[in-house]
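Here is my note on the model, as numbered points. Please keep the structure open while you read.

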Amino acid sequence: MTDLSPPAALDRDRIRELFDLRSSYNSFSGGDYTDDPYPVWHELRARAAVHEGTVHRLTGYPGEAMFQGLPFPDRPHFSVFGFEACDAAFRDSETFASSPVAINPIGDDVGVMNSMLSMGGDQHRRYRALVQPSFVPAKAKWWIVNWIQETVQDLVDRIAGDGRAELNTDFCAAIPVLTITGSFGVPVDQALVIRESLRDPAAVVRILAPIVAARRESPSDDLISVLVQAELKEADGTTHTLSDAEIYSFAILLLTAGSGTTWKQMGITLTALLQRPEVLAAVREDRTLLKACVEESVRWLPTDPMFSRHVTRDVDFYGTTLPKGSVLHMCLGAAGRDPERWDRPDEFDPYRPLKRSLGFGGGPHICLGMHLARAEITTGINALLDRLPNLRLDPDAEQPRYVGLYERGATEIPVLFG
Ligand code: HEM
């Protein structure tokens, strides 16, 4: 392995700082929350369909926490915790819009809030259609062969001789960020620079600009090439290619959504398996069961348990009048444990009959990258099981716990093997 191979080029301490949910980088979304929110969410769901207030206040979190739909201090806030109400809001994007304002991605204002995540209706459909073909299940192999497999194997090479490892930051965290930056043609030594710059769009643009220019000259088989060649169909039927600003906002959305979520869900899945040795043994024997474990983990403990919408008209919603201009928070974490939909909802049980959960969202904005996320998680965990015999939690180390409020994940995952 040369010094330039992907994991060697990553600074381990920097990864820890960027990816530890309790670090200052992540504190803005409630990273210091260490309680189990599910008992409170069960109570709230049982008490009423719609509650006035934000999810963090209703959960009893004393600090400020930021996520989609926050803070908007001058607007009324409402929250829902049941599957049916969350699903209904996700599906009705006319009443429940992703942004309080119209989105103009052609202007110079580059960033996630100016991307398709915030768009609605026909505008959202037209932009999403440009990238959807790169994220369908049939493209999983393209992602695995080009960007996932080698990174995963290199990361395992790095720990395989040690007999012990910490898997959350030293394994899970690196995979999605290297996958998505790799698919953009960003050099490995800049992958973490881009990750830490995500809240400073100008810095990301400085890294992406030469790549976008190069792909405009000569496209290759990667995602920036897909974006520079994409033809956007306007409402009047005319077509045009995307401006640099449109590409940057698209890219920042994919980088943010792609590198911030999957590593935590991989850590959650891995922890759930390591804490249930009998399930881990069954998965080791029959790898097809891993798929069900990933779906169960997304239901049982989705890494981002709350998304929000802006109410576009006065509406009676499950017995409460939501005024136009208010914000509705969908606690999809609570929805995943709704006892009306799942028996024994608090149990992690990959053998239960598969039912759609909302861990990847729902309606028109349902996660674009869900098949990629599944491919990353299954490729990662399969490689650990293939190459680290007798993988188990280190009984003498501090055991993993789940922390964080709007971004949830495991603390360290200390393991022994061999
Ligand atoms: C396990 C990992 C992941 C989880 C739990 C997750 C979850 C979600 C959720 C709940 C939404 C809906 C947001 C909303 O309705 O406002 C969403 C949207 C989105 N996700 Fe993911 N995501 C994951 C991985 C990824 C990956 C790997 C990518 C790839 C680049 C990605 C790209 C996106 C994009 C682009 C959207 C916006 C889609 C739209 O507005 O139409 N996600 N994700």
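1. Leaving aside neighbours within four places in sequence, which residues is Thr378 in contact with? They are Leu290 and Val294. Contact here means heavy atoms within 4.5 Å. Thr378 sits in helix H17. Its side chain reaches the backbone oxygen of Arg374 at 2.8 Å. Such a polar contact is a pair of N or O atoms within 3.5 Å; within protein, one must be able to donate a hydrogen and the other to accept it, and residues adjacent in sequence count only if both atoms are side-chain atoms. Thr378 and Leu255 are 123 residues apart in sequence, and their C-alpha atoms are 20 Å apart in space.

2. A word on the basis. This is a predicted model: local features need pLDDT of at least 70, side-chain atom pairs count only at pLDDT 80 or more, and totals for chains, interfaces and linings use all residues. Residues are numbered from 1 along each chain as its sequence is written, and side-chain values use heavy atoms, with hydrogens and water left out.

3. Start with the iron atom of the ligand. Its only protein donor is Cys367, through SG, at 2.3 Å. Donors are N, O and S atoms within 2.8 Å of the metal (3.2 Å for Na, K and Ca); water is not among the atoms, so sites may look incomplete. Cys367 lies in the loop between helix H16 (332–335) and helix H17 (370–387). Helices (H or I, at least four residues) and strands (E, at least two) are DSSP runs, numbered from the N terminus.

4. Now look around the ligand. There are 27 residues around it, and His124, Arg128, Arg309, His365 and Cys367 come nearest. A residue is near a molecule or strand if one of its heavy atoms lies within 4 Å of it. The shell divides into 14 nonpolar, eleven polar and two charged residues. In this count, Ala, Val, Leu, Ile, Met, Phe, Trp, Tyr, Cys and Pro are nonpolar, Asp, Glu, Lys and Arg are charged, and the others, Gly among them, are polar.

5. For His124, an N or O atom of the side chain is 2.6 Å from an oxygen atom of the ligand. For Arg128, the distance is 2.8 Å. For Gln68, it is 3.1 Å. Elements that give two or more residues to the shell are helix H5 (121–131), helix H12 (244–260), helix H13 (262–274) and strand E7 (307–311). H12 gives the most, with four residues.

6. The largest nonpolar core has 104 residues. Such a core is a set of buried Ala, Val, Leu, Ile, Met, Phe, Trp, Tyr and Cys residues joined through side-chain atoms within 4.5 Å. Buried means under 20% relative accessible area, exposed over 50%, partly exposed in between (1.4 Å probe, protein chains only). Among the residues with the most contacts inside this core are Trp143, Phe171 and Leu391. Not counting residues up to four places away, Leu391 touches residues including Leu167, Leu274, Arg284 and Phe417. A second, separate core of 19 residues includes Phe78, Val80, Ala85 and Leu328.

7. Is Ser183 buried or exposed? Ser183 counts as buried because its relative accessibility is 0%. It lies in helix H8 (residues 174–184). Beyond four places in sequence, Ser183 touches Trp143, Trp147, Asp222, Leu223 and Ile224. Ser118 is in the loop between strand E3 (96–97) and H5. At 5% relative accessibility, Ser118 counts as buried. Gln149, in helix H6 (residues 140–160), is partly exposed at 32%.

8. Finally, check the backbone. A cis peptide bond joins Leu70 and Pro71, with omega about 5°. Phe72 has a positive phi of about 35° although it is not a glycine. Phe72 lies in the loop between H3 and E2. Arg344, also not a glycine, has a positive phi near 40°. Arg344 is in the loop between H16 and H17. At 41% relative accessibility, Arg344 counts as partly exposed.
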